[in-house]
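Could you walk me through this model and show me how the protein holds its ligand?

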Amino acid sequence: MDISTRTSHIAYRLQENVEMSEREDGVAVISPFFQITIAPLSQSLRRILLLLADTTCSARQINTAIREAHEENMLTTFYRYLSSLLRHQMLFIYAGSEDRSTPLATLIPISSYVQHQWINVRAEQAYQMSRFAYIRRAEDGMSYLESPLAHARIRLEHPVTTQVIYHLGKAITPCELIQAIPEEEKDNLISVLALLVMGNFAAPTTPTGRLHEEEDETLQQWDFHDLLFHSRSRTGRHNNPLGGTYRFLRQLPPQPAIKQAPWPATISLPRPDRERMRSEDPGLEAVMEARASLRDYGTEPITLAQLAEFLYRVARVKEVYDDDDSGEFTVRPFPGSGASYEMEFYLTIDRCEGLQPGFYWYDPLQHALALIQESNKDTARLLYEAYQAMGAPAQPQVLITLAARFQRVSWKYQSIAYALILKNVGVIYATMYLVATAMDLAPCALGVGDSDHFTKLSGTNYLQETSVGEFALGSKPTPTSEIEEIR
Ligand SMILES: Cc1cc2nc3c(=O)[nH]c(=O)nc-3n(C[C@H](O)[C@H](O)[C@H](O)COP(=O)(O)O)c2cc1C
């Protein structure tokens, strides 16, 4: 059995939305996104190029046509043109023999950094799938192989492609692969393997029997989901719509600027005297220098007046305004992407003078609290998990849970909604640190929290509103005489 990558089994064709036309200065290739001119070209090369607009051409057919035109010296140049078409997302590459009516797999470029390289599969070399590759069904009902390490995706056109991917879960040589695949498809699987390697979804193993990505110290330290999230929420290696696309405008109503909470906010909070704050606050330089994460608390707990001032300075709504098409917006003390202000502040109170322990929602417009649940085993668990996350001597007097109303952001932003939400968490953390420091309170941001457990307490839908950040707050520990002495 021939194990080499056969030129009759790798083919090219222009994408459906690309048009080619002959001009005096060469061949113009036009897609909805790019326009390039390929020039200068001999008559025969032009003819071969134009053929790609109407029909699938295998590498063998391209090579034969170039040879028949006695233009062997143009072979490399021609494939360079194909690489350019690929980089401009104008070309498909297919795996499957010429005599098949449909290919087994189609490589579709999704970024201008895609590499076009001929892969010669080697018989005794083992290959394996990358741990970053995954298959997903898209809106067109087709399954695609994707990876944050790839600049292309592969459309799975035939079950045998999935079988090849299945067997490549373990390192396997082409000879072993051939044994594992049904007789009638053996002829084609090398081209599938070549396409997988070309797209960076599979790779040859190193002499130690592992993939390069497993030996690479940098890649070892990337979790699959982190790299995928990073690659898909930045521009560069995908062609998904990204940014403020307003894809649901006039289709779905935007989430309201202020949460329509089911709980009455009956606990009105005192509004702090801004003149007093202005005169008593330390300057920004002093606050920045003093800011630190404090995980221990004073014997006297934080007071309701302090908590009220903290929430007023960090989270209140300062103003509400209308923006014609996109609905209502608010002005808050901290900056927020697109002024969406999707974040809700929930408080789990363990110890606060003037406020009974329990689970509360902060109404940022009324500057008031709503009691959702009195203290119980679920609030205790939330506090205990925060205590564990801090490795602290005491559990927080107040745990602030930030919960994002996801659709408030994703109604407007595509591809980056969750990334923006996490950035907003960072902004709010910094604001809370600075306000707490100015108020001489003990702040500490937390990196983990149980979002499912949060929904159990809040009764919110995990997909609509759930926790994305936690922050511990309390009174500052009273300095001991020993510490005073050192100072
Ligand atoms: C996003 C973020 C997550 C954090 N997560 C935790 C945490 O889970 N537990 C903890 O004790 N401290 C946590 N911290 C606090 C950091 O450990 C702390 O800011 C860092 O050690 C620097 O110390 P400093 O804040 O006292 O300057 C977090 C801080 C940030 C900004």
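**Around the ligand**

Polar contacts here are pairs of N or O atoms within 3.5 Å. Before going on, please keep in mind that this is a predicted model, in which local features need pLDDT of at least 70 and side-chain atom pairs count only at pLDDT 80 or more, while totals for chains, interfaces and linings use all residues. Residues are numbered from 1 along each chain as its sequence is written, and side-chain values use heavy atoms, with hydrogens and water left out.

A backbone N or O atom of A389 lies 2.9 Å from a nitrogen atom of the ligand, and for A445 the corresponding distance to a ligand nitrogen atom is 3.2 Å. Taken alone, the ligand exposes 610 Å², and the protein buries 54% of that (accessible areas by the Shrake-Rupley method with a 1.4 Å probe).

Which residues surround the ligand? They are R291, A292, S293, R295, A389, M390, Y429, Y433, C444, A445, L446 and G447, where a residue counts if one of its heavy atoms lies within 4 Å. By class, this shell has eight nonpolar, two polar and two charged residues; Ala, Val, Leu, Ile, Met, Phe, Trp, Tyr, Cys and Pro count as nonpolar, Asp, Glu, Lys and Arg as charged, and the others, Gly among them, as polar.

Among the elements, β22 gives the most to the shell, with three residues. Helices (H or I, at least four residues) and strands (E, at least two) are DSSP runs, numbered from the N terminus.

Methods:
Polar contact = N/O pair within 3.5 Å; in protein donor to acceptor, adjacent residues only side chain to side chain.
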